[in-house]
Amino acid sequence: MKRNDPATVILLASCADRSGLVREIARFVHEQEGNIVHLDQHVDHRDKRFFIRVEWEISKGTAGGAVDALAEAFKEIGGARGMDWSLHGSAARPRLAIFVSKEPHCLYDLLSRHASGELAVEVPLVVSNHDDLRPVAERFGIPFHRFAISAEDKAGQERAEQQLLEENRIDTVVLARYMQILSAEFCARYVGRAINIHHSFLPAFAGARPYHQAYERGVKVIGATSHYVTSDLDEGPIIAQDVTPVSHRQSVSELIRIGRDLEKNVLARAVRAHCEHRVIIHDGRTVVFE
């Protein structure tokens, strides 16, 4: 949201499909003296499930504490229709913690977008299991915290990381090429609030040198996938993906460059969609409103 934009409220909701749902929600906004500026909906005909995202301007008389008041008022509709729903104020900037290891491309990209105002978020800290990217965080004025993780102390270090996240009121964790597997406890605490990025060769070409393996196999397309983190490694609900064709003409270093470009752009798209409250998770999949 730009500084001069009017304050808005965003409703994300889903429930069993039935007629009149859009009318009920629009009537609610009207009764609250709101002005709808965006409305997008989707019906999954297989599951007979209705999804909607509505954004509306808040009237001047309800600016203070509007989100809590509107959420309380919406409970009647949400409860009567068995909705899974959430309400968000556009003025509130999500607080992100970026987790990294040694590869800098995604971190540079996110911090550049944040510094330029493209990502309307706060980034109170960067967390890493190595010191390699400390200069990148410091260049952008972001506190950098290293937790050197080994098999002997991984659980303790992860608890210390979680304490740091709680102390800094972190809303979302972004794994920007963080090469550690998070515990089931961590994943459960941040369900729907932790985002990962990786190449889209998986489950093929697993390991530390996927692009070398891809070169040896002569792949004709490279892709990247960003998804929510779950305890099932790299199998969480997908938020964003992209691919680009390649050929025998590309060297390994060129494949790596192309893959990194895809990774940082796909991750940024996923983070933006999440932070702009455009994603609904349902039954292991996502509905992502444009």
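Visitor: Which residues in α7 meet which residues in α8?

Guide: Tyr-211, His-212 and Tyr-215 are the α7 side, and they meet Val-252, Leu-255, Ile-256, Gly-259, Arg-260 and Glu-263 of α8. Contact here means heavy atoms within 4.5 Å. Helices (H or I, at least four residues) and strands (E, at least two) are DSSP runs, numbered from the N terminus.

Visitor: Before we go on, what sort of model is this?

Guide: This is a predicted model: local features need pLDDT of at least 70, side-chain atom pairs count only at pLDDT 80 or more, and totals for chains, interfaces and linings use all residues. Residues are numbered from 1 along each chain as its sequence is written, and side-chain values use heavy atoms, with hydrogens and water left out.

Visitor: Thanks. How do the axes of α7 and α8 cross?

Guide: The axis of α7 (residues 210-217) comes within 9 Å of that of α8, and they cross at roughly 125 degrees. Axes are lines fitted to C-alpha atoms, for helices over the stretch in contact, and angles run from 0 to 180 degrees between N-to-C directions. The two helices are therefore oblique to each other; angles under 35 degrees count as roughly parallel, over 145 as roughly antiparallel, 65 to 115 as roughly perpendicular and the rest as oblique.

Visitor: And what about α1 and α2?

Guide: The axes of α1 (residues 21-31) and α2 (residues 66-80) come within 11 Å and cross at roughly 150 degrees, so α1 and α2 are roughly antiparallel. On the α1 side the contact is made by Glu-24, Ile-25 and Phe-28, and on the α2 side by Leu-70, Ala-73, Phe-74 and Ile-77.

Visitor: How does that contact of α1 with α2 divide by class?

Guide: There are six nonpolar residues, no polar ones and one charged. For the classes, Ala, Val, Leu, Ile, Met, Phe, Trp, Tyr, Cys and Pro count as nonpolar, Asp, Glu, Lys and Arg as charged, and the others, Gly among them, as polar.

Visitor: New topic: how many residues are in the largest nonpolar core?

Guide: That core has 41 residues, and those with the most contacts inside it are Ile-98, Leu-107, Leu-110, Val-126, Leu-267 and Val-271. Helix α8 (residues 252-275) gives the most to this core, with nine residues. A nonpolar core is a set of buried Ala, Val, Leu, Ile, Met, Phe, Trp, Tyr and Cys residues joined through side-chain atoms within 4.5 Å. Buried means under 20% relative accessible area, exposed over 50%, partly exposed in between (1.4 Å probe, protein chains only).

Visitor: What does Leu-107 touch?

Guide: Not counting residues up to four places away in sequence, Leu-107 touches Ile-98, Val-100, Val-126, Leu-133, Val-136 and Ala-176. A second, separate core of 20 residues includes Cys-15, Phe-28, Met-83 and Leu-87.

Visitor: Now the backbone. What is phi at Lys-48?

Guide: About 55 degrees, a positive value although Lys-48 is not a glycine. Most residues other than glycine have a negative phi. Lys-48 lies in the loop between β2 (35-44) and β3 (49-57).

Visitor: Is Lys-48 buried or exposed?

Guide: Lys-48 counts as exposed because its relative accessibility is 58%. Asp-234 also has a positive phi, near 60 degrees, and is found in the loop between β10 (221-228) and β11 (238-245). Asp-234 is partly exposed, with a relative accessible area of 28%.
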